[in-house]
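This briefing sets out the computed features of one protein model for a reader working with the coordinates.

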Amino acid sequence: QVQLVDSGGAVVQSGGSLRLSCVASGLTLTFSGYKMSWYRQAPGKEREAVATITNFPSHRTDYSTSVAGRFTIFRDDGKNTIYLQMNNMEPEDTAVYYCHVFDVHKIREYWGQGTQVTVSS
């Protein structure tokens, strides 16, 4: 059974930093067919992808324009964990953050339960 467990959300002041974690079980994140992302959903807004990491055809990371240069997605293969390092945070970053894995071969997706991030001005 696949499970993604998000953690690390907190209240942080504007300009501060935070690191989110997503521990995966039931799947191995180094598999070439996985697309791993962090999404966020702010109150009254749609869920949006903010950072993505893919294994195939080569290791690649992509970011939304709103977080590029401030957020970094990376993976610890030994811990089977995906991280989102968030720096220079802004009140607009306040949202529930979700870890997401998409299996491009099985056309199947998995979600973490979400972790609340609040940035105070």
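The protein has 11 strands and zero helices. The model is predicted, and its elements, read from the N terminus, run β-β-β-β-β-β-β-β-β-β-β. One disulfide is present in the structure.

**Overall dimensions and packing**

- The radius of gyration of the protein is 14 Å, which agrees with the value near 14 Å that a compact globule of 121 residues would have.
- Taken along the principal axes, the box filled by the C-alpha atoms is roughly 40 × 30 × 25 Å.
- Buried residues make up 42% of the 121 residues of the protein.
- Among contacts in the protein with a separation of 6 or more, 54% are between residues 24 or more positions apart.

**Surface and charge**

- The side chains include 11 positive and 11 negative ones. The centres of these two sets are 4 Å apart.

**The disulfide**

- A disulfide is a covalent bond between the sulfur atoms of two cysteines.
- In this model the bond joins Cys22 to Cys99, with an S to S distance of 2.1 Å.
- The two cysteines belong to distant parts of the chain, 77 residues apart: Cys22 is in strand β3 (residues 18-25), and Cys99 is in strand β9.
- The angle about the S-S bond is -75°, and the link of Cys22 and Cys99 is left-handed.
- Cys22 has 0% relative accessibility and counts as buried. Cys99 also counts as buried, at 0% relative accessibility.

- Which residues other than glycine have a positive phi? Asn88 is one of them, with phi near 45°, and Ile107 has a positive phi of about 50°.
- Asn88 is placed in the loop between β8 (81-86) and β9 (95-103). Its relative accessible area is 46%, so Asn88 is partly exposed.
- Ile107 is placed in the loop between β9 and β10 (108-111). Ile107 counts as exposed because its relative accessibility is 62%, and the cut-off for exposed is over 50%.

- Gln13 is a residue of strand β2 (residues 11-13). Is Gln13 buried or exposed? With a relative accessible area of 61%, Gln13 is exposed.
- Which residues are in contact with Gln13, leaving aside its neighbours within four places in sequence? They are Val119 and Ser120.
- Between Gln13 and Pro91, the C-alpha to C-alpha distance is 8.3 Å, although the two residues are 78 residues apart in sequence.

Key: Residues are numbered from 1 along each chain as its sequence is written. This is a predicted model: local features need pLDDT of at least 70, side-chain atom pairs count only at pLDDT 80 or more; totals for chains, interfaces and linings use all residues. Side-chain values use heavy atoms; hydrogens and water are left out. Helices (H or I, at least four residues) and strands (E, at least two) are DSSP runs, numbered from the N terminus. Buried means under 20% relative accessible area, exposed over 50%, partly exposed in between (1.4 Å probe, protein chains only). The radius of gyration is taken over C-alpha atoms; the globule rule is 2.2 Å times the number of residues to the power 0.38. Contact means heavy atoms within 4.5 Å. Lys and Arg count as positive and Asp and Glu as negative; His and the chain ends are not counted. The place of a charge is taken as NZ of Lys, CZ of Arg, CG of Asp or CD of Glu. A disulfide is a pair of cysteine sulfur atoms within 2.5 Å.
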